[in-house]
Amino acid sequence: MSEPITITQSDILQQIKLSCKIPELVEQIVNRKVIITAAEEAGIKVEVEELQKAADFLRLTNDMTSANDTWKWLEKHSLSIDDFEDIVYTGVVTAKLSKHLFSDQIEPFFFENQLNYAGVVMYEVVFNDEDLAIELFYAVKEGEMSFYDVAHQYIQDIELRRQGGYLGILNRRDLKPEISAAVFGAKPPQVIKPIITSKGVHLIFVEEIIQPELNDKLRQQIVSDLLLSWIKKQVNQTEINVNFE
């Protein structure tokens, strides 16, 4: 029988270092500290009822339907009850700070940047051969073959081939600038002349451009974007010291 393995905090920190996760974790820590400090300076208070509601939601989303489930989840993640309360508190205070800072900025920001929130339904085949991509572009454009046929013949990835090259609904931020400009300038349904990037030669079929609607989901996205931008500005103005002692 093999010897038991003991894992210490030092082992975990070393593994984090070896996994090159330090910058990512430092960013998360700094962001949390910036939020907590800003909320305190703004006089934002969190009520017990708000914490309870958020805790219930966290349990629900993580399938913690009983006290036993909660204890197992805490044990799995090496968390204490205090840690759980910190998670809940951070989520609530982040939401309240966001509302405090940006509630009156959502609509103006949307109207100024709504093109960035437009969506596109698109299909793509990436080639290594530009001449082949151009040849197939004209074949599809002139009706000699369908984009579906091209995708099924030239896409190597099995799942993507089965989907005919369908990439889902994407936003501008999901695309390289050179592709974004061509895609959102298209008149759907339209196959676009091949575009060359570092990844290869892209043959794209634009099925639909989806104009953004300022619904609850998009409001949350805008608030999140505004908060991230705000945090970045705060961090750029702050000296960060990382101490492992």
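Six salt bridges are present in the structure, a salt bridge being a side-chain nitrogen of Lys or Arg within 4 Å of a carboxyl oxygen of Asp or Glu. The model is a predicted one, in which local features need pLDDT of at least 70 and side-chain atom pairs count only at pLDDT 80 or more, while totals for chains, interfaces and linings use all residues. Residues are numbered from 1 along each chain as its sequence is written, and side-chain values use heavy atoms, with hydrogens and water left out.

Side chains of opposite charge can pair when their charged atoms come close. One of the salt bridges joins glutamate 50 to lysine 96, with 3.2 Å between the closest N and O atoms. This pair links distant parts of the chain, 46 residues apart: glutamate 50 belongs to helix α3 (residues 48-61) and lysine 96 to helix α5 (residues 81-102). Helices (H or I, at least four residues) and strands (E, at least two) are DSSP runs, numbered from the N terminus. Glutamate 50 is partly exposed, at 29% relative accessible area, and lysine 96 is partly exposed at 26%; here buried means under 20% relative accessible area, exposed over 50%, and partly exposed in between (1.4 Å probe, protein chains only).

Another salt bridge is formed by glutamate 107 and arginine 219, whose closest N and O atoms are 3.2 Å apart. Glutamate 107 is in helix α6 (residues 106-113) and arginine 219 in helix α11 (residues 216-236), so the pair ties together parts that are 112 residues apart in sequence. Glutamate 107 has a relative accessible area of 41% and is partly exposed; arginine 219, at 28%, also counts as partly exposed.

Arginine 173 and aspartate 225 meet through their side chains in a salt bridge of 3.0 Å, N to O. Because arginine 173 lies in the loop between β2 (166-171) and α10 (177-183) and aspartate 225 in helix α11, the pair ties together parts that are 52 residues apart in sequence. Arginine 173 is partly exposed, with a relative accessible area of 48%, whereas aspartate 225 counts as buried at 16%.

The largest pocket holds about 650 Å³ of space. Of the 20 residues that line this pocket, Leu13, Leu25, Val26, Ile29 and Phe244 are the closest to its centre. On a 1 Å grid over the protein atoms alone, a pocket is an open set of points where a 1.4 Å probe fits, with protein on both sides within 12 Å along at least five of seven lines, and lining residues have an atom within 4 Å of a point. Grid points are joined across faces, edges and corners, and the volume is the space filled by probe spheres set on the points. Helices α1 (9-18) and α2 (22-41) each supply at least two residues of the lining, and α2 provides the largest share, 7 residues. By class, the lining comprises 12 nonpolar, 6 polar and 2 charged residues; Ala, Val, Leu, Ile, Met, Phe, Trp, Tyr, Cys and Pro count as nonpolar, Asp, Glu, Lys and Arg as charged, and the others, Gly among them, as polar.

Most residues other than glycine have a negative phi, and most peptide bonds are trans. Cysteine 20, although not a glycine, has a positive phi of about 60°; this residue is found in the loop between α1 and α2 and is exposed, with a relative accessible area of 63%. A cis peptide bond, with omega about -10°, joins proline 188 and proline 189.
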